[in-house]
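Welcome! Please have a look at the structure below, and then read through the briefing, which goes topic by topic.

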Amino acid sequence: MEDLKNIWQKGRQHISASKPADEMLKDAQKLARKNKMAHLGNALILCAVVVMLLLFFTYLAPFENRLSHAGVLLMVGGLVVRITIEIVSMIKLGKLDLTLEPKTSMDQALKFYNFRKLIHGPFTYIIIALYTIGFYMLTPEWSLYFSTWTMLLIDGSYVIIAIILIWQIRKGVIEEMNNYKKLAGIYNDMQESE
């Protein structure tokens with residue numbers, strides 16, 4: 001609980017307490033809209049990746065080995081779970097009613113913030129782990145068609161790409177959490193102004 005109080009206090013630093021309530025409400029709605037668009041963007045990008053993977057594994061590199069099929073299932077399945085989470089996040093964010101009394105709005109926002117924090121923690125790590133396991137489950141069958149050197153390049157390049165993606169994901173998470181801290185500050189200021 002102390003951690004949550006600190007988040008609210010840090011969020012307050014971003015907002016001027018002298019703003020009128022209607023202006024603070026507009027700021028809160030703007031931040032909520034920005035986050036909703038980020039969730040939509042994530043879902044669309046992940047959908048495109050799923051379609052590309054399915055096309056690739058269906059037409060360009062169809063696998064015959066059950067281990068490879070399981071690997072593809074883990075890769076695509078993990079992404080589908082993440083897409084579902086982003087859609088659920090958009091729905092939950094859309095249900096936040098910023099016009100309610102500040103205490104109620106703050107409670108709703110806090111629940112949503114905790115939900116997203118959970119998503120960015122264990123769920124994201126599990127999805128990345130499943131995707132990685134799935135990718136490396138393709139290696140035995142690919143090794144039938146590629147030289148050892150090529151397989152080392154493929155498997156090694158995944159590590160480099162994964163590091164870059166994790167870095168990008170982390171940047172997005174930090175920006176999203178900062179937006180929620182700002183939103184928390186707005187709610188707090190709205191409560192104090194009433």
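In this predicted model, residues 24 or more positions apart account for 81% of the contacts that have a separation of 6 or more. The protein has 194 residues, and 38% of them count as buried. Let's see what it is built from, and then look at some residues one by one.

**Overall build**

- The secondary structure comes to 6 helices and 0 strands, so following the definition of helices and strands used here, the elements run α-α-α-α-α-α from the N terminus on.
- The protein exposes about 11600 Å², and carbon and sulfur atoms supply 68% of that area.

**Nonpolar cores**

- The largest nonpolar core has 17 residues, and those with the most contacts inside it are Leu53, Phe57, Met75, Leu138 and Trp142.
- Helices α2 (21-60), α3 (66-95), α4 (102-137) and α6 each supply at least two residues of this core.
- Which helix gives the largest share of this core? It is α3, with 5 residues.
- Take Leu53 as an example: leaving out residues up to four places away in sequence, Leu53 touches Met75, Val76, Leu79 and Tyr131.
- There is also a second, separate core of 12 residues, and among its members are Ile85, Phe115, Ile127 and Tyr180.

**Salt bridges**

- How many salt bridges does a search of the whole structure find? The search finds 3.
- One of the salt bridges joins Glu175 and Lys34, whose closest N and O atoms are 3.6 Å apart.
- Glu175 lies in helix α6 and Lys34 in helix α2, so this pair ties together parts that are 141 residues apart in sequence.
- Glu175 is partly exposed, with a relative accessible area of 43%, and Lys34 is partly exposed with a relative accessible area of 43%.
- The side chains of Arg82 and Glu86 also meet in a salt bridge, at 2.9 Å from N to O.
- Arg82 and Glu86 are 4 residues apart in helix α3, which means that about one helical turn separates them.
- Glu86 meets Arg116 in a salt bridge as well, at 3.4 Å from N to O.
- Here the pair ties together parts that are 30 residues apart in sequence, because Arg116 lies in helix α4 and Glu86 in helix α3.
- Are Arg82 and Glu86 buried or exposed? Both of them are buried.
- Glu86 has a relative accessibility of 0%, and buried means under 20%, so Glu86 counts as buried.
- Arg116 is buried too, with a relative accessible area of 0%.

- Where is Asp155? Its place is in helix α6, which covers residues 148-193.
- Asp155 is buried yet has no salt bridge.
- A salt bridge needs a nitrogen within 4 Å of a carboxyl oxygen.
- What Asp155 does have is a polar contact of 3.1 Å between its side chain and that of Thr139.
- Leaving out residues up to four places away in sequence, Asp155 touches Phe135, Tyr136 and Thr139.

Definitions and conventions:
Residues numbered from 1 in each chain as written. Predicted model: local features only at pLDDT ≥ 70, side-chain atom pairs only at ≥ 80, totals over all residues. Heavy atoms only, no water. Buried < 20%, exposed > 50% of the residue type's maximum accessible area, 1.4 Å probe, protein only. Lys, Arg positive; Asp, Glu negative; His and termini not counted. Polar contact = N/O pair within 3.5 Å; in protein donor to acceptor, adjacent residues only side chain to side chain. Contact = heavy atoms within 4.5 Å. Core = buried A, V, L, I, M, F, W, Y, C linked by side-chain atoms within 4.5 Å. Areas by Shrake-Rupley, 256 points an atom, 1.4 Å probe, with all protein chains shown as cover.
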